[in-house]
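The structure is shown below.

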Amino acid sequence: MFVEKKQRAVLFLIKELGYTQKEAQRFIARGRLHVEGEAIQKPSKEIEGDIEFIMFEPITRGLEPTVVYDKFVVFDKPSGVLVHPQNKNTPYSLIDELKYQFGRDANIAHRIDQETSGLVICSKNKESERDIKMMFEQRDMRKKYLALVHGEMKENITIEEPLLRKEDHSAIVRMVVKVHKDGKASKTDIKPLKYFSDRDMTLVECSPFTGRQHQIRVHMFHVKHSIVGDPIYGQSEENIIKFLDKELDGEQRIENSGASRLLLHASELKFNFEDKNYHIKSDIDFESICFKSM
């Protein structure tokens, strides 16, 4: 772009590109604004002449939302799709699809793992984003997941084990959360739905009351019913490292864990928003997907 009249960097982004002051300051702090090839770090710095600004340009792969309302939408995310890009080289994520279809102010209100499929609620504007995120913080959002787990489960159980994520540079724990007395309180209800005796696997419904990272995966591993296809929990150190380093091929993964993907699916969302009750269910045939992944 060309800045004809000298002006403060932050004001240029606000006036010319329509960003808020907070957004403009954040983008400058992240080094997105360049003058003569060098990143500007101070929002108050004056700029003129030729400049470059790195911005996010969403793309679409045609993923349609499950439901669309005035202030929010819900996508049924496929396994393997990131919710947010990991870096500038990420080719596609759910945020691409959301912003492409609903505009720059639309945002994702919560996260699920890349390999977990299922329902993700997204706000259409900043006001609804704040209100929806508050529902998650106050635990007013009830979620249900479907999972295929190893072994036979006959009875409903409630797992209440604290979960701890400890940052470490060693390969084995780069992504690992564990049950630990110093962790955060966590609770998950498990209800067996169907046992497949030929594979010694059980389809279960999981209802988490807290939203810890990898909560369902760690809780199921803790009770010795790890989720089929889980490349971390229930695997040997050698195979975990291979997976994290992207050195585990598809056949090895199926042999080690039972499936080519994590067989965990966010199947239901139940909540009250602006005095109206919502109960949104995924229409994906998860059982069919499970056996196609083996």
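## Lysine 144

Lysine 144 is found in strand E9; helices (H or I, at least four residues) and strands (E, at least two) are DSSP runs, numbered from the N terminus. Because its relative accessibility is 30%, lysine 144 counts as partly exposed, which lies between buried (under 20% relative accessible area) and exposed (over 50%), with a 1.4 Å probe and protein chains only.

Leaving aside neighbours within four places in sequence, lysine 144 is in contact with Glu205, Cys206, Ser207, His265, Ala266, Ser267 and Glu268; contact means heavy atoms within 4.5 Å. Aspartate 189 is 45 residues from lysine 144 in sequence and 9.5 Å from it in space, C-alpha to C-alpha.

## Basis of the values

This is a predicted model, where local features need pLDDT of at least 70 and side-chain atom pairs count only at pLDDT 80 or more, while totals for chains, interfaces and linings use all residues. Residues are numbered from 1 along each chain as its sequence is written, and side-chain values use heavy atoms, with hydrogens and water left out.

## The second largest pocket

H2 (21–29) is one of the helices that each supply at least two residues of the lining of the second largest pocket. The largest share of that lining, four residues, comes from H2. The lining residues (those with an atom within 4 Å of a point of the pocket, an open set on a 1 Å grid over the protein atoms alone, where a 1.4 Å probe fits, with protein on both sides within 12 Å along at least five of seven lines) divide into 13 nonpolar, seven polar and 15 charged. Here Ala, Val, Leu, Ile, Met, Phe, Trp, Tyr, Cys and Pro count as nonpolar, Asp, Glu, Lys and Arg as charged, and the others, Gly among them, as polar.
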